[in-house]
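I'm opening a page on this one and jotting down what I look up as I go.

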Amino acid sequence: MSSSNGKVHSKTCNGGNANKPFKIFVGYDSREDIAYQVCRNSILKRSSIPVEIIPIIQSDLRKSGLYWRVRGQVESTEFSFTRFLTPYLANYEGWAVFVDCDFLYLSDVKELKDMADDRYAIMCVHHDYTPKESTKMDGAVQTVYPRKNWSSMVLYNCGHPKNRVLTPEVVNTQTGAFLHRFQWLEDDDIGSIPFVWNFLEGHNKALENDSTTFPKAIHYTRGGPWFEAWKNCEFADLWVNEMLEYTKEAKKNIDE
């Protein structure tokens, strides 16, 4: 199933379990279709619970009148701001994840869902990250700001009253600082998730004798192997193996 048509990718477990699927919204960029496909595949393959994977495609949101913001010079992806529509797109109900497309999941997202704590409006990894590079991906400008990468993977309590602030109007008009630093919330509203669920390639370190540091989801935040400049990045082999598996399965499905 192609992502470019905006269709949802679902997996139902336990013989059609009636439980509502766990919604995972993935930021989609037309330059990184393969990254989206591999991210989706890595989630579906390892999930033991029903999940619904929904690409956030800017062109579709523009057509439906939900997004009209003019793209700024420092927006490195098509989902720099559309990500904040997650609670709205989930009808302000239940818990949902937003994640950038440049992630590779190595663990079951059930573990992530089980961390959801209704005391919080959102939960994320509280990174202290200052990139050394001036560019990333395919030459996009690398920017530095407080709480950088916090918004790249967020567990949203979509039904929390404070997240009703995130209307299309607010997402289209508020500043980058307001949105990416979660300024509609108090600090106490922001729960913490272990860094291994947003393991920054080139920044975080896995310690050989400490399994608590082994990545559960790798974030190729500087750029992944689908970009020529980053084909030899750390954990490139894991992503390439997943990509080869995905393309083999996709070809098999087409042939059938």
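I started with Arg46, which is partly exposed at a relative accessible area of 23%. My cut-offs: buried is under 20% relative accessible area, exposed is over 50%, and partly exposed is in between, with a 1.4 Å probe and protein chains only. Before going on, I noted that this is a predicted model, where local features need pLDDT of at least 70 and side-chain atom pairs count only at pLDDT 80 or more, while totals for chains, interfaces and linings use all residues. Residues are numbered from 1 along each chain as its sequence is written, and side-chain values use heavy atoms, with hydrogens and water left out.

Which residue does Arg46 form a salt bridge with? I found Glu242, with the closest N and O atoms 3.1 Å apart. I'm counting a salt bridge when a side-chain nitrogen of Lys or Arg is within 4 Å of a carboxyl oxygen of Asp or Glu. Arg46 sits in helix 1 (residues 33–46) and Glu242 in helix 7 (residues 236–255), so this pair ties together parts that are 196 residues apart in sequence. Glu242 counts as buried, at 4% relative accessibility.

**Other salt bridges**

I looked at Lys110 next: its side chain meets that of Asp114 in a salt bridge, 2.7 Å from N to O. Lys110 is partly exposed at 34% relative accessibility, and Asp114 is exposed at 51%. Arg119 pairs with Asp117, the closest N and O atoms being 2.7 Å apart. Arg119 is exposed too, at 60% relative accessibility. I also picked up a network: Lys45, Arg46, Glu242 and Glu245 are joined by salt bridges that share partners. My search of the whole structure gave eleven salt bridges.

**Overall build**

I get seven helices and twelve strands in the chain. These are DSSP runs numbered from the N terminus: H or I of at least four residues for helices, E of at least two for strands. Of the 256 residues, 53% are buried. For contacts (heavy atoms within 4.5 Å) between residues at least 6 apart in sequence, 73% join residues at least 24 apart.

**Confidence**

Mean pLDDT, the predictor's confidence in each residue from 0 to 100, is 89 for the chain, and 86% of residues reach 70 or more. I flagged residues 12–18, where pLDDT is below 50 and the model has seven contacts beyond near neighbours in sequence. Residues 1–7 also stay under 50, with 15 contacts beyond four places in sequence.
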